[in-house]
Amino acid sequence: MDFANLHLSLSNILPEISIAVFLMLVVGFDLIFHEDKKLIPYLALLGLIVTGFLVVRNMGITDSAFAVTSMNSGGMVAVDPFSNYFKLIIILASVIVIFFSMSSSEIKAIYKRSGEYYALMYGMILGMILMVSAVDLILIYLSVELLSLSSYVLAGFTKLRNRNSEASLKYIIYGSAASGMMLYGISVLYGLTGATNLFEINNILQTTQINIFTLSFSIILIFVGLGFKLSAVPFHFWTPDVYEGAPLPITAYLSVASKAAALALLIRFVHSTFVGYVDTNGFWDMISVFDWQTLLIVIALFTMTLGNLTALWQKNLKRLLAYSSIAHAGYLLLGLAVLSNAGMSAVMLYFLAYLIMNLGAFYVVMLVSNDNDKESIDDINGLGFSSPLLAVPLSIFLVSLAGIPPTFGFVAKLNLFAAVIDANLITAVIIALLNTVVSVYYYSRLLKHMYFNKIEDTVAAIKVSKTDTTIVLILAGLIIFFGIFFNNVIEFVKNSAQLL
Amino acid sequence: MQGFPLLTLLTFIPIFGMIIVLLLPKSAENNVKYTTLAVTSIQLVLAIVMILNFDYSAGGVFEVSSFQFIEKVAWIQIPDVAFLGTLKIDYFLGVDGLSAPLVLLSTIIFFIATFSSWTIKKSPKGYFAMYLLLNAATMGVFVSLDFFLFFVFWEVMLLPMYFLIGIWGGPRKEYAAIKFFIYTMLGGVFMLITMIGLYFSATEVLADGTQAYTFNLLALMNQNNYLTDGILSPSNPDNWRFMAYIGLFVAFAVKIPMFPFHTWLPDAHVEAPTPISVVLAGVLLKLGTYGILRISFPIFPDITRELMWYIGLFGVINIVYGALAAMAQKDYKKLIAYSSISHMGYVLLGMASLSSVGINGAIFQMFNHGTITAMLFLIVGIIYDRAHTRGLNDFGGLANQMPIYTGFVTVAFFAAVGLPGLSGWVSEALVFVGAFGVESIRTITMIGMLGILLGAGYMLWTLQRVYLGTLPEKWKELKDVDARELAMLVPLTIIVVVLGIFPSFVLNIMTTSVNSLVDFLSTTLN
């Protein structure tokens with residue numbers, strides 16, 4: 001590494017620097033204003049806006065930071081349209097979640113400690129935006145740990161729920177085991193190739209003979225770490241318990257942002273390390289040392305099937321959405337399993353849709369449980385008649401999650417399945433489509449509770465502030481708008497699907 | 001009529017109406033009904049204008065040039081998408097002889113069902129908003145010529161139907177609504193996969209001379225557009241055309257509903273409120289058979305010829321099974337629901353003949369079944385409103401108590417049975433003549449003719465049980481039909497009688513298109 005020229009890389013990591021600076025500002029504000037924490041969320045929002053602006057400024061650049069001078073590409077951090085896209089996704093999710101936290105009664109209850117809360121959230125954000133651009137095994141591990149440590153604390157932060165500490169503890173135990181395995185896998189991979197940079201590893205895999213068994217072993221270990229974050233079967237056991245026990249804004253955040261980071265990291269790991277070349281149709285020609293496609297398809301199908309079938313029996317809204325998010329992780333992995341540019345951009349589009357509809361659904365659930373302190377499926381009985389302004393957006397989110405037109409969720413699913421069919425994986429598509437039929441059952445069960453109940457067990461109207469209503473309506477409006485006019489959004493994703 | 005967006009208006013006026021309905025304040029709930037009535041009246045007028053300006057000599061089916069009232073705008077166009085080349089979806093509407101009668105039918109049925117919805121008490125705003133959304137989606141399916149657009153409208157139909165049954169339905173509404181939802185969704189999934197497969201198999205030349213994959217139904221019918229190695233290309237020896245055909249057929253069969261996918265229908269009908277039953281039987285069931293004619297037949301003519309016997313067989317099973325099941329019912333509405341299944345069997349049988357007479361009969365049967373069954377459900381609704389029971393054995397001798405009502409009942413029943421002089425007879429006769437003329441399905445056609453006998457059996461038996469005999473004491477208070485109910489029954493009766501005597505009013509609209517469809521089916525890929 002050329003230490004004299006390190007500063008040249010700084011302009012490429014301005015977003016990361018900005019997050020780190022605002023992290024310190026949040027901590028500083030927390031210390032200075034002991035009693036008054038009102039400003040902190042706004043400071044956090046400001047930081048995200050500044051960072052978002054810096055990311056947009058970097059759009060279109062393909063470069064890297066802290067590069068090894070001997071090689072043209074790939075230092076520690078890649079700056080490319082792909083990472084910028086996921087950084088924007090993470091920032092968008094964080095902005096929504098900060099609004100979320102501002103109106104959540106659970107976070108209001110720990111008003112005194114809310115400085116730490118936002119600081120920890122910033123820790124997560126820093127970990128995540130490093131994850132989506134890391135191209136070095138060391139940095140990959142460090143950023144995953146940064147994300148994990150902050151989220152372990154946040155999962156048990158409020159201590160208001162009975163299962164709060166349980167959630168945190170479970171998350172730590174499962175998480176440390178998974179990250180330990182990942183670290184082990186990384187060290188084995190390093191031992192085999194002698195390199196930590198993904199591009200160098202790629203080079204070595206192409207040129208030298210490697211013991212396939214040991215290599216597969218290390219890949220599977222690394223996959224465990226990422227699969228844990230993605231809540232892919234069989235590493236999903238923590239998901240429902242943690243989602244149920246954690247404060248609602250954190251649940252929503254874990255279900256979207258940390259998945260985005262893990263997914264981006266997985267895509268980059270597969271693409272940078274194992275793709276020999278990309279053919280003219282955009283299919284990835286893999287270095288034939290490990291059968292990624294079979295692994296991903298099997299995991300994807302198991303993940304979506306288990307998620308959907310288990311979601312059928314859930315009575316708790318958070319658990320139901322947790323299992324539904326496991327199912328969606330399955331669809332995302334199936335898109336990646338195509339191993340083509342088409343599959344990758346389909347996954348990226350799907351994630352954007354998933355972000356909006358899932359955060360929207362959690363937002364409404366949060367508003368409902370804010371008011372009556374419950375989150376069972378019976379607590380939305382008759383919502384359609386008592387608070388139509390919440391019920392109608394929630395219906396739109398659910399319909400979109402089920403993939404019914406004219407919603408963004410449908411466009412994303414169509415795009416994803418089209419990529420899979422184009423790769424001739426017909427059986428996988430049929431299983432995935434039957435899965436969506438199963439998912440319709442539990443999503444429509446929520447609709448049933450909202451609209452088909454008897455008048456006597458209708459819940460009382462739910463008091464909601466204007467800001468919250470506006471945010472929910474905007475999210476629902478986006479779902480419908482992108483469901484009909486998806487020209488620009490597909491084009492944007494297309495332009496972003498370029499890796500270093 | 002050049003340049004006048006007639007079909008867009010037909011499709012989107014209900015959406016506009018829905019927005020008005022949703023914006024009206026709670027205090028103005030009566031205006032909701034009048035808005036809906038205004039919307040459906042405008043639609044009816046537009047449909048009549050369409051028929052008056054309709055060119056009877058234009059074939060349509062697979063030729064863009066002979067479609068009428070065409071509107072084509074690029075909806076989605078993205079150049080250089082990584083894997084798709086240019087991604088292009090058109091907003092492409094048009095009618096020909098296959099769709100025009102059904103557009104007319106659905107405007108009539110939605111107009112009449114509005115009157116039937118007048119008595120809805122539970123949150124009328126929501127009800128009429130959903131009703132109008134359903135209306136728009138149905139119309140959209142009938143007029144779209146782009147598969148993607150067709151699919152979007154097809155799926156959009158699901159939700160309003162789910163809510164209409166689930167919120168405003170009877171005691172087991174939740175079960176019926178979810179069953180309907182899951183069944184249709186399952187069918188939709190198979191349609192989706194076929195649609196994507198077709199998309200990757202054929203290309204179309206764009207205005208700028210480049211090739212692009214296409215959802216355009218007419219382009220998909222042209223065998224020259226298929227790639228040599230597409231997954232659904234006829235020239236590809238390992239193609240999946242057979243499986244795709246089955247998948248697509250299942251999607252449509254669920255809607256018809258064809259045995260063995262029919263079990264949702266009796267539940268949905270029994271639980272749905274009267275106007276929704278009317279719309280369901282009158283219009284929505286036709287979407288299945290229309291889809292087969294519009295998409296399955298011309299895109300897969302080779303497989304269609306191969307499977308025509310099976311399609312006919314399922315038609316006959318529908319006829320006989322539906323009739324036998326109807327005979328066993330004790331619930332008036334369930335009886336009509338099963339008779340619907342039986343009558344849709346005639347449509348399938350007529351289509352399976354692949355002959356001009358048979359398909360003419362099939363489309364005419366769709367039209368007639370729409371009007372006659374709408375009448376039958378209205379008749380059940382009228383008696384249910386008064387007596388709050390639908391048990392066939394609870395009644396008797398209503399003819400004396402409600403003479404005018406019984407007059408309409410008689411007309412509807414005899415039309416359903418197929419009495420010469422009423423519209424049902426003409427289409428059934430055409431179906432049987434068409435099917436009998438084809439050697440390969442002659443035997444099963446003869447079995448299907450049993451349906452006429454069985455149909456007469458259950459209909460006349462019902463007439464006898466409910467309307468003849470002695471009137472039980474408790475029904476002495478029942479009033480005869482009022483003005484609103486007359487407004488619904490009279491127009492339908494007129495249609496049934498007039499089309500029985502002058503069937504050419506409707507037959508002329510479709511004949512040219514049916515002929516070109518039949519030609520196309522026998523010559524393409526042969």
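This is a predicted model: local features need pLDDT of at least 70, side-chain atom pairs count only at pLDDT 80 or more; totals for chains, interfaces and linings use all residues.
Residues are numbered from 1 along each chain as its sequence is written, chains are lettered from A and ligands numbered from 1 in the order in which they are written, and side-chain values use heavy atoms, with hydrogens and water left out.

**Exercise 1.** Work out what chain B brings to its contact with chain A, by element and by class.

*Step 1.* Start with the residues: chain B puts in 39 and chain A puts in 39, contact being heavy atoms within 4.5 Å.

*Step 2.* Look for the salt bridges (a side-chain nitrogen of Lys or Arg within 4 Å of a carboxyl oxygen of Asp or Glu). There's one between the chains: Lys448(A) pairs with Glu174(B), with their closest N and O atoms 3.7 Å apart.

*Step 3.* Now the elements, which are DSSP runs numbered from the N terminus (helices: H or I, at least four residues; strands: E, at least two). On chain B's side, strand S1 (68–81), strand S2 (85–95), H5, H6 and helix H7 (173–199) each give two or more residues. H7(B) supplies the largest share, 13 residues.

*Step 4.* Sort that side by class: 31 nonpolar, three polar and five charged. Nonpolar covers Ala, Val, Leu, Ile, Met, Phe, Trp, Tyr, Cys and Pro; charged covers Asp, Glu, Lys and Arg; the others, Gly among them, are polar.

**Exercise 2.** Describe the largest pocket and say which elements line it.

*Step 1.* Get the size: the largest pocket holds about 1,800 Å³ of space. The search runs on a 1 Å grid over the protein atoms alone: a pocket is an open set of points with protein on both sides within 12 Å along at least five of seven lines, a cavity is a set where a 1.4 Å probe fits but cannot get out, and lining residues have an atom within 4 Å of a point.

*Step 2.* Find the centre: 48 residues line this pocket, and the closest to its centre are Val392(A), Met18(B), Leu22(B), Met130(B) and Leu133(B).

*Step 3.* Check the class: the lining has 38 nonpolar, seven polar and three charged residues.

**Exercise 3.** Identify the residues nearest the centre of the second largest cavity and the elements around them.

*Step 1.* Of its 15 lining residues, Gly403(A), Leu433(A), Thr436(A), Met185(B) and Leu192(B) lie nearest the centre.

*Step 2.* Two or more lining residues come from each of helix H17 (408–422) and H18 of chain A, and H5 and H7 of chain B.

*Step 3.* The lining divides into 10 nonpolar, three polar and two charged residues.

Conventions: Grid points are joined across faces, edges and corners, and a volume is the space filled by probe spheres set on the points.
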